[in-house]
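I opened this model to look up a handful of local features and to write down what I found. The entries follow in the order in which I checked them.

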Amino acid sequence: MDQTEIARIARDFAVITRITGPDPKSLKMRRRAFHLYQDGVTTLSSSGILLPKESLSPMQSTWEHDGDIIMTSASLIEPFLISEQRKNPTQELKPTLIRDAKIDVLVEGSKTEDNQNPCWIEAQLLSLVDVSASCLAILSLLGARAGSVENFSWDIGWSLASLNNNKQDGNVKRPLFNSETDFSQNESTPSDSAKSATRIAILGIKQLKYKRLLKIDVSQNKQGDSILVMGSPFGALAPLHFFNSVSIGVVANCLPPGSIKSSLLMVDVRCFPGMEGSIVLDKHASLVGMLISPLRQKGTDTEIQLVIPWSAIKFALDNRWKETQVNQKELIHKEINTINSRLSNSNYDIKYTSPLRKAISSIALITVNGSWASGVIINKQGLILTNAHLLEPWRFGNTSSLGLINKSNPMREEIGNKQSTKFNYTRFGKISVRLNCLENQIWCEAKVVYISKGPLDVALLKLEDFEGDLCKIDVEFECVEKGESVHVIGHGLIGPRSGLYPSVSSGVVSNVFTIQGPIYKNEARLIEKEMNKNTPIMLQTTAAVHPGSSGGAVVNSYGRLIGLITSNAKHGSGSNIPNMNFGIPCKSLEPIFKFSDKGEISILEQLDKPNELVSSVWALAPLPIESTLQKPQTEERNKQGSKFIEFLNERKDEIRFSKDLEHLLKKKLPSKI
């Protein structure tokens, strides 16, 4: 289905939810990225999903509500609950708001009797429900157990949110934003934050008119599946300006890893504060789930967008209804046992249902000296292609190109002021590789086969003492074109402890840097016809790439490898720019794949030879060819200058003062503008 048609369908079920209430001490907006405060009243907003009343049966009878339902993030509602319910909002079956607090929703006008477009409708709070399975999945990403007070590098919330909501002049107050806010100052534990983020609010409104029914598909979403998110950022400030904004992306990863049914989705999509509660649809316009607040890396602006699948929401709602019928403790105990069973007995599907799934299975996780990166399996014998900067970071600056946590390496040898270029590959210590292509994830040891001494950031590892059926990636050597759709697959951001499979991000090829003729000199002697062809030596993509993705794969829409991820562009402050990244095209890596087939180490010698042109490209430096072009341009400018001087000398009697010169230039030298 076309994206525009999916967006039209999403508009029928996407709303803004807004709550307004008294806030004399201006405390209700804590941890809210955007809010409105005026005359002692605070207004908060989020997005929401409109569901026909039949969608949540048999809960309707419990709520004693006969209209339609709005589902949104409970973090919007919690600040306005009565004080005795704020610590444990879901304990009461019927939560209660403070006096004078009001909830309303903004819907498309075509659903109302007067057809105003759009219009606000009053809503009532029916229930708050914890989605326990999604909460446990978030805690697994944080590396935390319930109640832990350990200092983690990740938190939950938008990077624009600030705890220091400083007052401003006048009776209207908005927060001063600080992307460096450290949420560890908050007293809440990771468990509390995860519960709050995965708690949903159920609101009731009057029954509306519908052009169509919302399709609900409980089938498993897979990595790389396209999604559309519709939500309303900044709704408290300018609701009509941002009402039902669209963002498009893909499913990046699923949790628990390898589980048949996911309880949490990581998605590669750009979202903004106020979009928590947004509707998420798949390529068939079926409901995938609800967007929640993202994971945020402390000290950076890096965010991981999260979605609670509909299957997890429905499971929690059914259990909430059963709590009114059976013993609550017994049910919760059963639910936790079910979730733990999924976490420990995950069954990874090794049947490659799509080319992208096969490509994902060929990406390995590599750890060495406290750092991790990605690698690509390129043959059935366990040969893995990765980046050299994982093993030799000092050749690429003090830290690796993708900001991996590299420590000082004892293998570094210095002779006088020059570093030695001879290395004993057995001295790199233990290198561990985790394979994702089998029924269960397996850790193996690997040895270094080759590290390039030339301009390309590549290395080869070989699995040791491994017997099994490996999934090698398919390779495409043809030069890609600008605008071609691509996926990047790698182990970015979240480290080995999470047990996550490789994540997927999507984008397009933004640029391809080529040179005329082959890269390697011996090819020039053997294949004269290739001399006039362009060879790609650098790819740029818009897919999001994060630390840990080094050595990951850039694949086309057919799941074929077209390049090896190497580095990001960086801001002057040193922070990465995720959507501007660089990869080595497979055409430039042909010796690697020839070695993979033939096993002759001499083939790799081509990669070790200096190449000033390729080095300049990867250093983002002026190219050697540019200096040869500057000379004739300079000579031409000198000739033009000489002609102008000759022109002035011929008319020196006419030019006595600067005003005379100005008059002459205007009269006899007309402008080209």
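I began with Asp465, which counts as exposed at 84% relative accessibility (buried means under 20% relative accessible area, exposed over 50%, and partly exposed in between, with a 1.4 Å probe and protein chains only). Asp465 has a positive phi of about 50° although it is not a glycine, and it sits in the loop between strand 24 (459-463) and strand 25 (485-490); strands are DSSP runs of E with at least two residues, helices are runs of H or I with at least four, and both are numbered from the N terminus. Phe234 also has a positive phi, of about 55°, without being a glycine, but Phe234 is buried, with a relative accessible area of 17%, in the loop between strand 11 (226-231) and strand 12. I then noted a cis peptide bond from Leu255 to Pro256, with omega near -10°, where Pro256 belongs to the loop between strand 12 (245-255) and strand 13 (264-268).

**Confidence.** This is a predicted model, in which I took local features only at pLDDT of at least 70 and side-chain atom pairs only at pLDDT 80 or more, while totals for chains, interfaces and linings use all residues. Residues are numbered from 1 along each chain as its sequence is written, and side-chain values use heavy atoms, with hydrogens and water left out. The chain averages a pLDDT of 77, and 70% of the residues score at least 70 (pLDDT is the predictor's confidence in each residue, from 0 to 100). Over residues 162-186 the pLDDT stays under 50, and the model has 67 contacts for them beyond four places in sequence, a contact being heavy atoms within 4.5 Å. Residues 397-424 are likewise below 50, with 59 contacts beyond near neighbours in sequence. Where pLDDT is low, the predicted coordinates should not be read in detail.

**Cores.** Which residues touch the most other members of the largest nonpolar core? I found Met71, Ile138, Ile200, Ile279 and Leu295, out of 49 residues; such a core is a set of buried Ala, Val, Leu, Ile, Met, Phe, Trp, Tyr and Cys residues joined through side-chain atoms within 4.5 Å. Helix 4 (residues 132-142) gives the most to this core, with six residues. Apart from it lies another core of 40 residues, including Ala359, Ile363, Ile519 and Ile537.

**Barrel.** Six strands close into a barrel in the order 25-26-27-30-29-28, with antiparallel pairing (two strands pair if DSSP finds at least two bridges between them). Within it I followed strand 26 (residues 503-516), which seven bridges join to strand 27 (residues 534-541), and saw that Phe513 has Met538 in strand 27 as its bridge partner.

**Salt bridges.** My search of the whole structure finds ten salt bridges, each a side-chain nitrogen of Lys or Arg within 4 Å of a carboxyl oxygen of Asp or Glu. Arg11 and Glu108 meet at 3.1 Å, N to O, and this pair links distant parts of the chain, 97 residues apart, with Arg11 in helix 1 (residues 3-11). Arg11 is partly exposed at 39% relative accessibility, whereas Glu108 is buried at 7%. Lys380 forms a salt bridge with Asp469, the closest N and O atoms being 3.3 Å apart; Lys380 is partly exposed at 42% and Asp469 is exposed at 56%.
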